[in-house]
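Please look at the sequence and the three-dimensional picture below before reading on.

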Amino acid sequence: MAATEPVITLKNFFERAREGALTAVRCGKCSALAIPPKEFCESCHQRAWEPVALSGQGTIASYTIIRVAPARHAAEAPYAVAVVQLKEGVSLLGRIVDLPLDKLQVGLPVKFRPLVVNSQTALGFGPA
């Protein structure tokens with residue numbers, strides 16, 4: 001790999017997510033963890049990433065219920081999106097699936113689930 005290529009690109013990130021694997025990157029200089037992958041470490045501004053497999057398990061840190069969705073997702077409303085704090089300490093935004101909206105709460109355990117629609121992969125979280 002050339003020195004200017006990132007360890008994992010956004011394309012690789014979503015390809016792996018489609019297969020059910022969440023992959024973060026850890027800075028080899030300061031050990032900061034980032035997801036999705038970034039070009040440079042936000043903590044030390046270095047580019048010394050190493051891929052790190054994540055468990056996909058976490059808890060809801062915050063959420064919102066979308067009742068009036070953008071036109072592209074209007075047929076799916078209402079639905080919920082949440083910030084999920086993963087076990088490894090990083091957070092991701094994703095759609096909540098297979099959980100009743102009235103049962104959502106901060107601290108609820110969830111697990112990563114890839115959402116594939118029309119060949120596009122999105123991040124989802126369902127019951128742990």
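## A three-stranded sheet

Two strands are said to pair if DSSP finds at least two bridges between them. With that meaning in mind, and remembering that this is a predicted model, we can describe an open sheet of three strands, whose order is β2-β1-β3 and whose pairing is antiparallel. The edge strands of this sheet are β2, residues 33-34, and β3, residues 49-54, each of which pairs on one side only.

Strand β1 covers residues 22-27, and its antiparallel pairing with β3 runs over six bridges. Towards β2, the antiparallel pairing of β1 runs over two bridges, and here Val 25 stands opposite Ala 34 in β2. The strands β1 and β2 also form a hairpin that has five residues between them, and in its turn Ser 31 has a positive phi of about 70°.

## The protein as a whole

The secondary structure comes to one helix and eight strands, and along the sequence these elements follow the pattern α-β-β-β-β-β-β-β-β. The C-alpha trace spans about 45 × 30 × 25 Å along its principal axes. Of the 128 residues of the protein, 31% count as buried. Among the contacts with a separation of 6 or more, 48% are made by residues 24 or more positions apart.

The protein exposes about 7,500 Å², and carbon and sulfur atoms supply 52% of this area. As for charge, there are 14 positive and 10 negative side chains, and the centres of the two sets lie 3 Å apart.

In which sense do β6 and strand β8 pair? Strand β8, which covers residues 120-127, pairs with β6 in the parallel sense, over two bridges. In this pairing Ile 96 stands opposite Phe 125 in β8.

## Inside strand β1

Is β1 largely enclosed or largely open? Five of the six residues of β1 are buried, so this strand is largely enclosed by the rest of the structure. Thr 23, whose place is in strand β1, counts as buried because its relative accessibility is 6%, while buried means under 20%. When residues up to four places away in sequence are not counted, Thr 23 touches Ile 8, Phe 13, Arg 16, Ile 35, Pro 51 and Val 52.

Among the residues in contact with Leu 22 are Phe 13, Ile 35, Val 52, Leu 54, Leu 86, Phe 112 and Leu 123.

## Ala 80 in strand β5

Ala 80 is found in strand β5, and it counts as buried because its relative accessibility is 0%. Beyond the residues up to four places away in sequence, Ala 80 touches Thr 64, Ile 65, Gly 94, Arg 95, Ile 96, Leu 101 and Leu 104. One of these residues shows how the fold brings separate parts of the sequence together: Ala 80 and Leu 101 are 21 residues apart in sequence, and 7.0 Å apart in space from C-alpha to C-alpha.

In soluble globular proteins, nonpolar side chains tend to be buried together. In this model, the largest nonpolar core has 28 residues, and those with the most contacts inside it are Leu 22, Ile 35, Leu 54, Leu 86 and Phe 125. Each of the elements α1 (10-18), β1, β2, β3, β5, β6, β7 (109-117) and β8 supplies at least two residues of this core.

Terms used: Residues numbered from 1 in each chain as written. Predicted model: local features only at pLDDT ≥ 70, side-chain atom pairs only at ≥ 80, totals over all residues. Heavy atoms only, no water. Helix = DSSP H or I, 4+ residues; strand = E, 2+ residues; numbered from the N terminus. Buried < 20%, exposed > 50% of the residue type's maximum accessible area, 1.4 Å probe, protein only. Contact = heavy atoms within 4.5 Å. Areas by Shrake-Rupley, 256 points an atom, 1.4 Å probe, with all protein chains shown as cover. Lys, Arg positive; Asp, Glu negative; His and termini not counted. Charge placed at Lys NZ, Arg CZ, Asp CG, Glu CD. Core = buried A, V, L, I, M, F, W, Y, C linked by side-chain atoms within 4.5 Å.
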